[in-house]
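Here are my notes for you, in the order I'd go through them. Have the viewer open and turn the model as you read.

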Amino acid sequence: MCVLSFRREEGNKNQDVIKKMADLLRAGATMLSERCPICGLPLFRLRSGEVICPVHGRVYIVKTESEVTRITVQGVLERLERLAAEEIARAMERGAEGIAELGKWLDVLERTERILATMKTAERARSVKEEVKDEKD
Ligand SMILES: [Zn+2]
């Protein structure tokens, strides 16, 4: 999905990305063979060790198919969260007429946020486990 929007806004967006990549290299970052799971651009390792995408900033290098799925689901939910917020704002502008819509979108927002929070908790638990594993190695 992000790849599509990236293509649609080609032109000056593309120029920005190329400039950012050049800036990263100039700053001593290394281009990696791994690609951003969201936009497919090559990732860069900064001198600090942090891995970033020139468009999305900090990203996780995914190693398994389930991680890819998790990140895709998270991206979709984050978009839904934004959409719900926009629809709520729109319903509010309509005043009394928008009340029915309001309830529907508040439900969507609430559920989306709950799922995202659950995913983030699970993610934290996973990264703690990985740290423990790294220490053992
Ligand atoms: Zn990206």
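1. Which residue takes a positive phi just after α2? It's Gly-28, with a phi of about 95°. Before we go on, keep in mind that this is a predicted model.

2. Now step back for the overall layout. The protein chain has four helices and four strands, and along the sequence they follow the pattern α-α-β-β-β-β-α-α. Of its 137 residues, 9% count as buried. As for contacts with a separation of 6 or more, 33% of them join residues 24 or more positions apart.

3. None of it is tucked away, either: the number of buried residues in α2 is zero, so the helix lies largely in the open.

4. Do the same for helix α3, residues 65-93. Its 29 residues should span 42 Å at 1.5 Å a residue, and its end C-alpha atoms are 43 Å apart, which agrees. Just after α3 there is another glycine to look at: Gly-95 takes a positive phi of about 65°.

5. On to the sheet. It is open, with four strands in the order β1-β2-β3-β4 and antiparallel pairing. β1 and β4 (57-58) stand at the edges with a single partner strand each, so one side of each has no neighbour in the sheet. How many of the six residues of β1 (residues 30-35) are buried? The number is zero, so this strand lies largely in the open.

6. β1 pairs with β2 (residues 42-45) in the antiparallel sense, over three bridges. You can follow that across the pair: Thr-30 stands opposite Arg-45, while Arg-35 stands opposite Pro-42. The hairpin has six residues between the strands, and Gly-40 takes a positive phi near 85° there.

7. Last, the inside. In soluble globular proteins, nonpolar side chains tend to be buried together. The largest nonpolar core here has seven residues: Ala-29, Cys-36, Leu-41, Leu-43, Phe-44, Cys-53 and Val-59. Click on Phe-44 and see what surrounds it. Leaving aside neighbours within four places in sequence, Phe-44 is in contact with Leu-24, Ala-29, Thr-30, Met-31, Leu-32, Ile-52 and Pro-54.

How values were computed
Residues numbered from 1 in each chain as written. Predicted model: local features only at pLDDT ≥ 70, side-chain atom pairs only at ≥ 80, totals over all residues. Buried ≥ 20, exposed ≤ 12 C-beta atoms within 10 Å, placed from the backbone. Helix = DSSP H or I, 4+ residues; strand = E, 2+ residues; numbered from the N terminus. Pairing = 2+ DSSP bridges. Core = buried A, V, L, I, M, F, W, Y, C linked by C-beta atoms within 7 Å. Contact = placed C-beta atoms within 7 Å. Expected span 1.5 Å × (residues − 1).
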